[in-house]
Amino acid sequence: MMLLRAELHKSGGCVGQLYVESLANLLTVHLLREYSTRQPRVAHDGGGLGDRKLNYCKLQISEYINAHLAQDIQLADLAQ
């Protein structure tokens with residue numbers, strides 16, 4: 001919350017949607033980790049992206065961000 005508050009004061013309220021979404025996700029994870037009484041049951045299938053696929057995705061995301069710098073980029077856009 002302090003990061004969000006500082007950014008709002010610094011930029012006069014002109015905060016990008018991606019930054020707001022990221023801070024909201026970070027705050028949610030923090031609250032769940034620190035104040036949840038139940039331990040989550042997360043199934044881990046051992047999968048995930050291999051190194052080559054991960055590097056390819058990073059490159060695609062970087063290119064997307066550079067191509068859309070003038071727009072409000074949302075987390076869902078990057079995930080897609």
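Biologist: What share of the 80 residues in the chain is buried?

Modeller: Buried residues make up 9%. Buried means under 20% relative accessible area, exposed over 50%, and partly exposed in between (1.4 Å probe, protein chains only). This is a predicted model: local features need pLDDT of at least 70, side-chain atom pairs count only at pLDDT 80 or more, and totals for chains, interfaces and linings use all residues. Residues are numbered from 1 along each chain as its sequence is written, and side-chain values use heavy atoms, without hydrogens and water.

Biologist: Why is Y19 called partly exposed?

Modeller: Its relative accessible area is 34%. That value lies between 20% and 50%, so Y19 is partly exposed.

Biologist: Where does Y19 sit?

Modeller: Y19 is in helix α2, residues 17-35. Helices are DSSP runs (H or I, at least four residues), and strands are too (E, at least two), numbered from the N terminus. The chain has four helices and zero strands.

Biologist: What lines the largest pocket?

Modeller: The lining is M1, M2, L3, L4, V20, L23, A24, L26, L27 and H30. A pocket is an open set of points on a 1 Å grid over the protein atoms alone, with protein on both sides within 12 Å along at least five of seven lines; lining residues have an atom within 4 Å of a point. α2 gives the most, with six residues.

Biologist: How does the lining divide by residue class?

Modeller: Nine are nonpolar, one is polar and none is charged. Ala, Val, Leu, Ile, Met, Phe, Trp, Tyr, Cys and Pro count as nonpolar, Asp, Glu, Lys and Arg as charged, and the others, Gly among them, as polar.

Technical notes: 1 Å grid on protein atoms, 1.4 Å probe; cavity = no way out; pocket = protein on both sides within 12 Å on 5 of 7 lines; lining within 4 Å.
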